[in-house]
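Student: I would like to learn how to read domains, interfaces and sheets in a model. Can we work through one together?

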There are 2 protein chains.
Amino acid sequence: MASFQKIGVFDSGLGGLTVLNAICAQNRGLSIVYFGDTARVPYGSRTPETIERYAEQDVRFLLSKGVEAIIVACGTVSAIALPKLHQSFDLPIIGVIEPACAAAVSVTKTKHICVIGTQATVNSNAYSSCLNRIAPDCRVSGIACPLFVPLIENGFREDDPITQLTVERYLAQIRNTDIDTLILGCTHYPFFTNAIRAELPGIHLIDIGVALSQAIKQMMPKSGETRENDVEYCFSDKETSFQRFDTNHLKSLPKGEIHVINIERF
Amino acid sequence: MASFQKIGVFDSGLGGLTVLNAICAQNRGLSIVYFGDTARVPYGSRTPETIERYAEQDVRFLLSKGVEAIIVACGTVSAIALPKLHQSFDLPIIGVIEPACAAAVSVTKTKHICVIGTQATVNSNAYSSCLNRIAPDCRVSGIACPLFVPLIENGFREDDPITQLTVERYLAQIRNTDIDTLILGCTHYPFFTNAIRAELPGIHLIDIGVALSQAIKQMMPKSGETRENDVEYCFSDKETSFQRFDTNHLKSLPKGEIHVINIERF
């Protein structure tokens, strides 16, 4: 990874900023182009065909910026489109599934892991396929939580009663099971960490952004690099909603230029 | 209207089906192409520039199907993009704003009307501009309800406690005011009619689809037409979520062929 001068990071929208934040907190001297497809967010309720088509356009845009490796900072794209992207493009493309599964396996004692994500992510069985491969003794359950992203995107905080009722609704079925590890399979979900922890005290939570950034760090030789990370932010719609987010989760993001591009041209 | 052989009806997604349902309930012998942009829904949280660009593509697609007039069955597009569409295209394009405002003016006694809709719709001031023109003695308030569409699209019924808490949250500020008429400024909202009525008993509710279909009916001479309406359904993503909806609101929709098209090509 250290030999790459420039990497691309993309998501369907703003959720990937939590991954970018984790990458920036763990690494120095990276030159990064972030792309958020805010004109077409959310991906998680669309069909696999459409998600693959969008993901290919996202990669083609990042290639046009000269990136040499790509981080898929989107749970849905990582779950649905990664095989297709590996087939279509000849550069390293790294998704969140494998690092998240490895992190879950390293902490589970009961060997029963649950993944929460968008409908498309849960339907894909990507996490169970990966877990079956790296830890065949683990069982995997999946729960789609399609209202979490709209809640977060519309500024509902995790201590809001509507958020809490929704968290309770989706996660009630985990109580009184032997599940001890929960993968937050969507890059938006870290914004609800405390609400989820309140509903499921004592459970191990896997933040896919943190898992991914640790995997990236391990791939990089220690370089003594001290230069600040340099980030260019690109969106497919004019992005005015940074401030809607709880920026406590985005403290390591450096400032950078913001550009709007037409993703349909790629 | 009677002279048009074929009309187009479009929406950002499935909400426009409530408008189509109202049109079909009130008219006979129409040949209709419905387009729902399910690959890019929702429009209501995007910028005006992006909404205009998407609306122009939607119209170009319907023109390619040979329609001679277009009904904008989307509250957001009607509020944001109608002037641009009238400028760009030379066929009748009818939105929901004017019929909805006329219907509201005909029932309000206190002359204080509220519009609920997406963030883009409320920001546009389209309803207040129209009401100022046709009834300058009316006052207009607006409330954005951005969580209603995700709730409906994700199958939350109106008697669900999460729905009810959200309805209560958004509409609480209307209680103890002199507002007596509420325009449901988004074609999804009729699915929440009963929940809204429970929160605001006695208020006049204006369903923009019903208002629009009555306006269309008045434009058509009585023809004695008895032929069933003929509808072709087109979507930009494979549409599998009809069944998520409460189909009690869609009883007048005829069956028809369903096609998937790539809207980015238009």
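Tutor: Start with the domain contact: 27 residues of domain 1 of chain A touch 24 residues of domain 2 of chain A. Contact means that C-beta atoms, placed from the backbone, lie within 7 Å. The model is predicted: local features need pLDDT of at least 70, side-chain atom pairs count only at pLDDT 80 or more, and totals for chains, interfaces and linings use all residues. Residues are numbered from 1 along each chain as its sequence is written, and chains are lettered from A and ligands numbered from 1 in the order in which they are written.

Student: Which elements give two or more residues to the domain 1 side in chain A?

Tutor: Elements are DSSP runs numbered from the N terminus: helices are H or I with at least four residues, strands E with at least two. Here they are α1 (16–26), α2 (48–64), α3 (75–80) and α11 (208–219) of chain A. α3(A) gives the most, 5 residues.

Student: Where are the domain bounds in chain A?

Tutor: Bounds come from an automatic or database domain assignment. Domain 1 of chain A covers 7–95 + 211–265, and domain 2 covers 97–208. Their centres, taken over C-alpha atoms, are 21 Å apart.

Student: How many residues of chain A are in contact with chain B?

Tutor: 18 residues of chain A meet 18 residues of chain B. On the chain A side, α2 and α9 each supply at least two residues. α9(A) gives the most, with 5 residues.

Student: At what angle do α9 of chain A and α9 of chain B pack?

Tutor: Axes are lines fitted to C-alpha atoms, for helices over the stretch in contact; angles run from 0 to 180 degrees between N-to-C directions. Here the angle is about 170°, with the axes 10 Å apart. That makes α9(A) roughly antiparallel to α9(B), a label for angles over 145 degrees. Pro161(A), Ile162(A), Leu165(A), Thr166(A) and Arg169(A) make the contact with Pro161(B), Ile162(B), Leu165(B), Thr166(B) and Arg169(B).

Student: What is the strand order in the open sheet of chain B?

Tutor: Two strands pair if DSSP finds at least two bridges between them. The order of the 4 strands is β6-β5-β7-β8, with parallel pairing. β6 (139–144) and β8 (204–207) of chain B each have a single partner strand, so one side of each lacks a neighbour in the sheet. The twist averages 25° from one strand to the next.

Student: Which helices lie across these strands?

Tutor: α7 (126–134) of chain B lies across β5, β6 and β7, at about 165° to β6(B). α11 (208–219) of chain B lies across β7 and β8, at about 65° to β8(B).

Conventions
Two residues are in contact if their C-beta atoms, placed from the backbone, lie within 7 Å. Angles under 35 degrees count as roughly parallel, over 145 as roughly antiparallel, 65 to 115 as roughly perpendicular and the rest as oblique.
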